[in-house]
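Morning, everyone. I have one model to go through today, and I will keep to what can be read from the coordinates.

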Amino acid sequence: GINSLLDFEKLEVLGHGNSGVVHKVCHRRNANVYALKVLRFDEKAVVVRQQAVQEAEILKRMDSPLIVKCHGVFSSGGDTESVGCDLCFVMEYMEAGSLHDVLLMHQRLPEQIISGIARRVLEGLHYLHSQQIVHRDIKPSNLLINNRGEIKIADFRVSGVVVGQLNSTPANDFCMGTRAYMSPERFDPERWDGDLSDGFAGDVWSLGLVVLECHVGRFPLVSPGQKPDWATLMCAICFGERMDMPETASPEFRSFVWRCLEKDWRKRGTVTELLSHPFVTKCWNTSSSGTKDLVGYALEGQLSFFFSLFSFGLF
Ligand code: ADP
Ligand code: MG
C-alpha cells in the first residue's frame, strides 16, 4: 500500500517549502519513485490540519496529465484520522524540478518556450476550473517539469489554507512566498470584489505574472533595489502602473500579459478566451534562430532537460 512511511525509502531531499520538506522516495515493494511531501503541524493546529486533510482528498481526485498526481495521503502515525502532527503526501515525481529552479539557472526563457508553458498551464487551469477548483497558488515553484519536458500544475489551496504552505509568514525567498502572485481583488476585496469574484480570475492573474517573470528573468512587480516587504508588494499589485513590457516582447506576448494582468478581474481575460489567444495558438517557426539558440544551449549540456522541453510537450 501507499499509507505508511515504512513503505518508502528516502533517497534525497528535493526541496523545502514553508512548512515542510519534499523527499525523493522509492516504494519498497513496487520500486516506483515518488515525491513525498511531509507537512509538520503544530499540536494546536488541529483545524488547519483537518482542512489540509480535506484538501488532500480533493487533490487525490484530480486525474489529469496536466496536474501533478497525488497518489496518497497519510499521517506517519497511520491513516489521516490519527492525531499525529504531520501529514505525508505521496506525489508524482517530477524529475526536472520546478520552473522556479529553471529561472534561477537561466533567468530568461525564449518566447516560444514561454508560449508552451502558458498553453499547458491554461489547459491545466481549464481542467481544475471545470472541477470547480480555484488553484490560488500558481507560481513558478508550483509548476513542475518531468523528464519528458511536460510541465504540470502542483498543489493548490482552498479556504486560505495552502497544501504545502500552511503558515503565511513571508518566505525567505520573497518570490516564493504565498502572496507575491496574488491578484488585486484578493488583497483589496472592498475595492475590487464588490460582485464577489469566484476566484477563477485570480489564477489568470498569477499566470500572467509567471509568464512575465519568464521573460524578464526576475519577479516583475518589485524592482531589484526595492525592499520586498508586504506594503511594497501590495502597492505594486493594487495601485502600480500597468507593466510596460520590454521592447523585446512580441505584440502577441504583450497583449497576452495585459489580458492576464488586468487589475479589474471582471475585465481580465478568462481561461477559455486566453486558450485561443494568438500568443498561445501562434505557430512558432521552429527553424527560427531563437530555436537554434535553444538547441545550442542544450548541446552545451547546461540545458539538457530544456532540450526535452523543446522536443516533447511544450510546443
Ligand atoms: P513551494 O511550492 O513553495 O516551493 P513545496 O513544499 O510545495 O513548496 O515544494 C518545495 C520544493 O520541492 C519545490 O520548490 C520543488 O522544487 C520540490 N518539489 C515539490 N514537489 C515535487 C515533485 N512532485 N517532484 C519533484 N520536486 C518537487
Ligand atoms: Mg508547492
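Burial and backbone in a predicted model

Pro228 has 18 other C-beta atoms within 10 Å, so Pro228 counts as partly exposed. This is a predicted model, so please keep that in mind throughout. Pro228 sits in the loop between H6 and helix H7, residues 230–239. From Pro228 to Gln51 the separation is 177 residues in sequence, and 30 Å in space, C-alpha to C-alpha.

Next, the core. Which residues of the largest nonpolar core touch the most other members? The core has 70 residues, and the ones in question are Phe89, Ile117, Ala118, Val121, Leu207, Val211 and Val257. Helix H6, residues 200–216, supplies the largest share of this core, with nine residues. As background, nonpolar side chains in soluble globular proteins tend to be buried together.

On to helix H8, residues 251–260. Phe253, Phe256, Val257 and Cys260 are buried there. Looking down the axis of H8, the buried residues fall within an arc of 95°, so they line one face of the helix. What do the buried residues of H8 pack against? They pack against H3, H6, helix H9 (271–275) and helix H10 (278–281).

Now the strands. Strand E5, residues 86–92, has five of its seven residues buried, so E5 is largely enclosed by the rest of the structure. Strand E3, residues 33–40, runs antiparallel to E5 and is joined to it by seven bridges. Strand E4, residues 70–74, is also antiparallel to E5, with four bridges. Met91 in E5 stands opposite Ala35, and Met91 is also the bridge partner of Cys70.

Most residues other than glycine have a negative phi. Gln132 is not a glycine, yet its phi is positive, at about 65°. Arg136 is not a glycine either, and has a positive phi of about 75°. Gln132 lies in the loop between helix H3 (111–130) and strand E6 (143–145), and Arg136 is likewise in the loop between H3 and E6.

Are these two buried or exposed? Gln132 has 9 C-beta neighbours inside 10 Å, so Gln132 counts as exposed. Arg136 has 22 other C-beta atoms within 10 Å, and is therefore buried. The cut-off for buried is 20 or more, and for exposed 12 or fewer.

That is everything I have.

Conventions: Residues numbered from 1 in each chain as written. Chains lettered and ligands numbered in written order. Predicted model: local features only at pLDDT ≥ 70, side-chain atom pairs only at ≥ 80, totals over all residues. Core = buried A, V, L, I, M, F, W, Y, C linked by C-beta atoms within 7 Å. Helix = DSSP H or I, 4+ residues; strand = E, 2+ residues; numbered from the N terminus. Arc of directions from axis to C-beta. Contact = placed C-beta atoms within 7 Å. Pairing = 2+ DSSP bridges.
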